[in-house]
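Subject: Handover of a structure for your review

Dear colleague,

Please find the structure below, followed by an account of what was found in it.

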Amino acid sequence: MNMKKRSWILIITSVLFLAFLCVGTLVTPEVGFSENENRYLQAAPKLTVDHVLNGRFETQAEDYLNDQIIGRSLWVRTMAMTEAALGVGDINGVYLAADGRVVKRVTEADFDWDRYRKNLKQVAELAESREASGGRLYAMLVPTAAYVYQQDLPSHAMRFDEDRAFTDAADALGDRLIDLRAAMQVAVTDGSAARESADGGVFFRTDHHWSGYGAYLGYAEFLQARAALSNPLRADGGEESPTASGGVMIPAAAPYAKLAPTVLSDDFYGTLYSKVLLPTLTKDSVETPGAALTAKYRVRLNGETYDSLYFNEYLDKKDKYAVYFGGNYDKVDIEIGAATGQAAQTASGGSETANRADGKGSLLILKDSFANSFVPYLLDDYSKITMIDSRYYRGSVTELAEDYDEVLVLYGIDNFAGEKLQLSKSLIK
Amino acid sequence: MVFSSSVFFMAFLPVTVFIYFLIPERFLRARNLWLLAASLLFYGWGEPKYIAVMAFSIVFNYVFGRVIGHLRETADRETALPAAEDNAKSLTGDRAGGDENAAGQAYCAADIAGNGNRKILRRAKLAMVLCVIGNLAILGFFKYTDFLIGTVNGLLGGQLSLLHIALPIGISFYTFQTMSYIIDVYWGKVAAQKDFIAFAAYVTLFPQLIAGPIVRYADVAVMLVGRKTNVEQVAEGIRRFIIGFGKKVLLANQVYVIWNEITAMDLEQISFATAWLGALAFTFQIYFDFSGYSDMAIGLGKIFGFDYLENFNYPYISRSITEFWRRWHMSLSSWFKEYVYVPLGGNRKGLARQLLNIAIVWALTGLWHGASWNFVVWGMYFGVILIIEKLWLLRALDKCPACVGHVYSLILIVLGWVIFGLTDFSRMATYIAHMFGGAAVLVDESFLYLATSRVWLLLFCAIGSTPLVKRVCERVAARLTAMRGGEILLGALESVVLLAVFALSIAFLVSGSYNPFLYFRF
């Protein structure tokens, strides 16, 4: 049978399609930084003999074509929509949960139990050394969104045994552990999160971080734990006694609405959205306590001093969570209160102890990015707060901790088992 | 370079095809030269140093081919008429070899003719043996040295350090191709190729270079020097390429996720259902990966005017393992049959010898797949099954209803892939134990999630393993072409469907490179 016409149709359409891909990719301008992926895309590789022989040119050429292909996000979106339509519950390491929520997927095989327990032990040792010299340590491990929203996940979704992880943490840390599981689950099931905050949840729907309200729940539980450890007699007889934080009674957190939550941006598509780029997802709101926006304090990071922890230029960018401090740094110092100017100077001298003029103490936070939106709640409770990100900090945390009244270890629980943490490195030094 | 990479389909392929068809058809040598140059670039992409191994292999086999061919011709010229006739018969004779080997006959006939002849032929044989040893030495050095050292260390408790020789891509395939050429020239089945470019193009031709099929020289000898462009062949090539691309990217790569996820679990904890799901996923993955690659190779070959033999014929619908191996990686099985099994005596030297021959062939087949003992075990596993089938089971299976044969074959095939997929013997043992009653749990959450969330993918894979889609397409095509103007409609429909598959594959491929960082840049 003669099939010439059929053959020509297929040949011509295929050639046109391929030509469109190649020419289209060639003529569209090169993209430098990809907001969605939070990384620089591969630029056109340089053709040199060396690079060809050691294979660098070849690798870069492949990356270049993948990164710069015409309509790149459209391809990714097509893939995600196809998978979602076929009922695949996880794409690119992200669960597609109910109500347009995306949740990071951490399975039993992903969670490094050995590293997790090792890190717990390190923190317990740090706690003992702090307590021996009159200090205090609290550890807040934030449950995963997959745990808090487990009823919204695809059916039978695979998760690591998070309850066991919390049991391990309680075994290692005792009542120093601040466990948010109950508070967060209640806030989700009784609808208080939906009622009280603009975002309506304890985690962003499209980002791996907790929302402003989630951070508030952390703050409330933190105050409760401080009170339990610092006002020991109150539970027995209601009497006050001198405590580690300067003899001040630690109050319970004010209701969320009293803190005048303020929406910084209602146009936030977070990191998990970037993983799937599904058009069915809706934007989030970034919320922060109103008092923190007007408080007087100094922030020192990267050798610069600022009078606000809010880096508003990030509200015009993709990653709006970076409005808090502009991202993560090895060390961030915050001096709060009247004597700010002087304190900042002495801070650079490095020999000062906490400013106790107003009876408030100093706090060292060993943290990941969860702390960035949490710290604004603390501005009224401390005169000095220092945040250390052990992923980047090269000094000794154990030595540094000696200058502070209290230490708070604050991590997302899955990050706490992460390889980038390097807790042992910074603690042993 | 691999077919499923952006550099291949966005740069290498368009440029190669474009320039190939710019060269007028009458300059076939120039077209061959261009294909050779492109193939070397394809081969050296990422690891240029292996071009040297390839170049050596080409020159080595070209020279030996010429020498053996020359001796053969000299012998034939001096031989009496009957031998020449036999020789002619062998050229047109049964290509698949078989026990009535025409070449063998020609060889015997030639052997009788004269003392001088015998001397020349002995020299030809020596050259052939040397060349085969040379080829095997290259393959052995690059592929099996560390395996040997490791095995010796294991047996004698030695501490010899491994050499960590990187395996040149495709060396198992092109070594077998050149050996088929050398042996066929020696047998007088084909004339030695005098055109160096045509020969080099045969060895390096990028479509089948790195993952087969193993193209025997005799099958493409005519096309190398006298092929014509044919529109329908080119269109069929595009069709096959896109189908193969889709099989690889949309089915194999996706179903691999399941196997990968399950083997990352603590194997002591997996449930019965999860173990089987993983094994089934790997079964699908390896089929769609390999047969997809063969489809792409065959398709690309057709675009350049080569017709390769089929490599897969729906192996998972087999009713016995004997049938499975007639449908799976056919170019390898027929290679071993023709160049190992038959020369060893095949079935002509009694049952005991035949069984031994089968065992040898299957141990080698296993070893060919990889330098690790689990591949040898895998080969022997099939060798034993094939012997049992040959002796008793095939007759019994013939009497049973078809479904018995299907279930029997599938279980053994899936089990075989577990042996193939897990190189570590203790993990393999744990896994298999969990498949056959050793699991504490029958069904667990992981199974329910992985199976339900990818149920469509598994269904597509199951359907794709049968000729169903092909039959439906053929029927639609026949219906449409019978209509007036139906051929154009068919062409349009086919283009839309195939390009949609191609585009979706690209979407999945590009997404694979899409890797947002969760953490802020630093």
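In chain A, strand E12 (residues 331-336) is joined to strand E14 by 5 bridges, and the two run antiparallel. Two strands are said to pair if DSSP finds at least two bridges between them; strands (E, at least two residues) and helices (H or I, at least four) are DSSP runs, numbered from the N terminus. Within this pairing, A:Lys331 has A:Ile388 of E14(A) as its bridge partner.

This is a predicted model, in which local features need pLDDT of at least 70 and side-chain atom pairs count only at pLDDT 80 or more, while totals for chains, interfaces and linings use all residues. Residues are numbered from 1 along each chain as its sequence is written, and chains are lettered from A and ligands numbered from 1 in the order in which they are written.

E14(A) also pairs with strand E13 (residues 361-367) of chain A, here in the parallel sense and over 6 bridges. In that pairing, A:Leu363 is the bridge partner of A:Ile385. Strand E14 (residues 382-388) of chain A is largely enclosed by the rest of the structure, because 7 of its 7 residues are buried (20 or more other C-beta atoms within 10 Å of a residue's own, with C-beta atoms placed from the backbone).

Elsewhere in chain A, an open sheet of 3 strands has the order E3-E4-E5, with antiparallel pairing. Strands E3 (90-91) and E5 (102-104) of chain A stand at its edges with a single partner strand each, so one side of each is left without a neighbour in the sheet. E3(A) is joined to strand E4 (residues 94-96) of chain A by 2 bridges, and A:Ile91 has A:Val94 as its bridge partner.

Turning to the chain interface, 56 residues of chain A are in contact with 53 residues of chain B (C-beta atoms, placed from the backbone, within 7 Å). On the side of chain A that touches chain B, helix H1 (4-27) is one of the elements giving two or more residues, and H1(A) gives the most, with 15 residues. This side of chain A divides into 26 nonpolar, 20 polar and 10 charged residues (nonpolar: Ala, Val, Leu, Ile, Met, Phe, Trp, Tyr, Cys and Pro; charged: Asp, Glu, Lys and Arg; polar: the others, Gly among them).

Yours sincerely

Methods: Two residues are in contact if their C-beta atoms, placed from the backbone, lie within 7 Å. A residue is buried if 20 or more other C-beta atoms lie within 10 Å of its own, exposed if 12 or fewer, and partly exposed in between; C-beta atoms are placed from the backbone.
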